[in-house]
Amino acid sequence: MPLPPAPSKRAALLSPEAYSLKAAEEPFELEAAASPVAPAPAAQPARLAEAAAMTPPPAAKTAGRAGGRGRKPAAAATPVVAERAETAPVLQKATTPVVPAPRSPQAAQVTPSAGSRRRTAGKAGNGPARLFVLDTNVLLHDPMSLFRFEEHDIFLPMIVLEELDGHKKGMTEVARNGRQTSRTLDALVAQQGGDMTKGLKLSATGHHGARGLLFFQTEPLESNLPSSLPQGKADNQILGVVHSLRQRHPEREVILVSKDINMRVKARALGLAAEDYQNDKTLDDGELLYAGALALPQDFWTRQSKTIESWQSGSHTFYRVSGPAVGQFYINQFVYFEAPGEPSLYARVTEIRDKTAVLKTLKDYTHLKNAVWGVTSRNREQNFALNLLMDPEIDFVTLAGTAGTGKTLMALASGLTQVLDDRRYTEIIMTRATVSVGEDIGFLPGTEEEKMGPWMGALDDNLEFLAKGDGGNAGEWGRAATNELIRSRIKVKSMNFMRGRTFMNKYVIIDEAQNLTPKQMKTLITRAGPGTKIICMGNLAQIDTPYLTEGSSGLTFAVDRFKGWPHGGHITLARGERSRLADFASEVL
């Protein structure tokens, strides 16, 4: 390999800006600066043509850059090429490397500074690991919250452990979460080689996503909170710990995480950073929830006119379509095309492959001949919902909508048709979250089903409507017999006794599902055995459970997780059909 030529100009003539630019632009060449011949920067854009024809030696490039940054860049470029042609034959016979003396000390200075610059930039980009102080309600809300903070560290005050101990008794969801949190903390403390004073690795129990450390309060921390705050209150003690940690670790960002709004407001009033626990939220904005239906663009058919395929199978027509709109499709999503003067299309996506999708036309439940237990759909979304409810291939259906959109009525009518007429399922099981709107009226007498009676007013109202239409011509005796038959096939169960059960060939309706947590939703859905269909219904605008929002509701969680599953479907009902009074009240109140 021929040795590189000597530089035509001394490197000491380069301006300081050239060195700083090289250190910033070419960090990959810094390690090679210690070699006998220092590599040079890439060619300037003005010399790309010349570099393509004949790659210049490194020293010539260095000189070219030096000339390019001088007062006469054009004049400096010419002698470099000529000099390279004259000196190349001589340098091929050289036996000792020629190292430019002025460049060596400069390279030694550039290398460490650039390396330190890279390290500093990396630390500034990621930032030092934050220190999160968790409130007790976060651990009681989500026992796995300890492992949701990625590379950041967690600090637990002693008063939090004291409050956890006070909530561990009982059979409520809060008590179960408290016991699970205590078991998790015990496993972390018992890790081999762990030191509580230096921090315990959160990844020791198998949660590799948690790369931070867990710190416990092992010594008293003094705080300078206002004397007007009662020191014996648990919230104020936690605020004092946050204040002390911020003074002890000024280089780190200390943040309080709490589900209590007033706690966060007090922390910010004292100048402390406070945040809500957001990791349990499926969506940041309720408007981003998957709607289950998509309107096709107005030019859809004109774009598909040459590439569309269609075929008939029974009473359904299938279309194979392609184009940019396919990228927005999900399996079992409904698509519709409505335009004045053109035939409408209502279909469901049944298959997606690469850039093509197969659409299957729907059964028209707006017509009386397709009525479900005497019920017909009154709008587009209700027709979509009945297609999901009556399809035996769909095992899980979620219905969301405001009051009066017909969720319970359609679910019950579909269930009665498939239980009594089609004999597809053996019985209907109905349950709901028992969260009251106002004050509780106390303990209820009777059996499990009798205790659930007051909570099932919606069931009684809809059964009265459904039974009236079916037994109207049989007189009073006929209506009584019909009601008795319907009641015998509907079981009302409490959610408190669902754990461990398995439903086989059942039609399960979960009403008011917006009041369920994601964990409760998982518990109910996993009860399904072979041949069981589960329908979850709810109105995300009527959440009564504390600490639950539209983004963290179990209904939102289920809709997002089952999106695109071949045996699940969702539809958001938009129009109310209860009465003009109810529709107007939903809009203005």
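The structure is a predicted model. The protein contains 19 helices and 18 strands, and 43% of its 589 residues are buried. Of the contacts between residues at least 6 apart in sequence, 67% join residues at least 24 apart.

Strand β2 holds D153. With a relative accessible area of 8%, D153 is buried, because buried means under 20%. Its side chain makes a polar contact of 2.7 Å with the side chain of R252. Leaving aside residues up to four places away in sequence, D153 touches A129, R130, L131, F132, G212, L213, F215 and R252.

Salt bridges provide another view of the model, which has 18 of them. In one, the closest N and O atoms of E151 and R211 are 3.2 Å apart. E151 belongs to the loop between α6 and β2, and R211 to the loop between β3 and β4, so this pair ties together parts that are 60 residues apart in sequence. E151 is partly exposed, at 29% relative accessible area, whereas R211 is exposed, at 55%.

K168 and D165 form a salt bridge with an N to O distance of 2.9 Å. Here K168 is partly exposed at 35% relative accessible area, and D165 is partly exposed at 43%. A further salt bridge joins D276 and K259, whose closest N and O atoms are 3.7 Å apart. D276 lies in the loop between β6 (273-275) and β7 (293-295), and K259 in the loop between β5 (254-257) and α10 (261-269), so the pair links parts 17 residues apart in sequence. K259 is buried, with a relative accessible area of 9%. Salt bridges with shared partners also connect E309, R320, E351 and R353 in one network.

F584, V588 and L589 make a nonpolar patch of about 380 Å². F584 is located in helix α19 (residues 580-588) and counts as exposed, at 53% relative accessibility.

Technical notes. Residues are numbered from 1 along each chain as its sequence is written. This is a predicted model: local features need pLDDT of at least 70, side-chain atom pairs count only at pLDDT 80 or more; totals for chains, interfaces and linings use all residues. Side-chain values use heavy atoms; hydrogens and water are left out. Helices (H or I, at least four residues) and strands (E, at least two) are DSSP runs, numbered from the N terminus. Buried means under 20% relative accessible area, exposed over 50%, partly exposed in between (1.4 Å probe, protein chains only). A polar contact is a pair of N or O atoms within 3.5 Å; within protein, one must be able to donate a hydrogen and the other to accept it, and residues adjacent in sequence count only if both atoms are side-chain atoms. Contact means heavy atoms within 4.5 Å. Patches are made of residues with over 30% relative accessible area and no salt bridge: like charges are joined within 9 Å, nonpolar side chains (Val, Leu, Ile, Met, Phe, Trp, Tyr) within 5 Å. Accessible areas come from the Shrake-Rupley method with a 1.4 Å probe; for residues, only the protein chains shown count as cover. A salt bridge is a side-chain nitrogen of Lys or Arg within 4 Å of a carboxyl oxygen of Asp or Glu.
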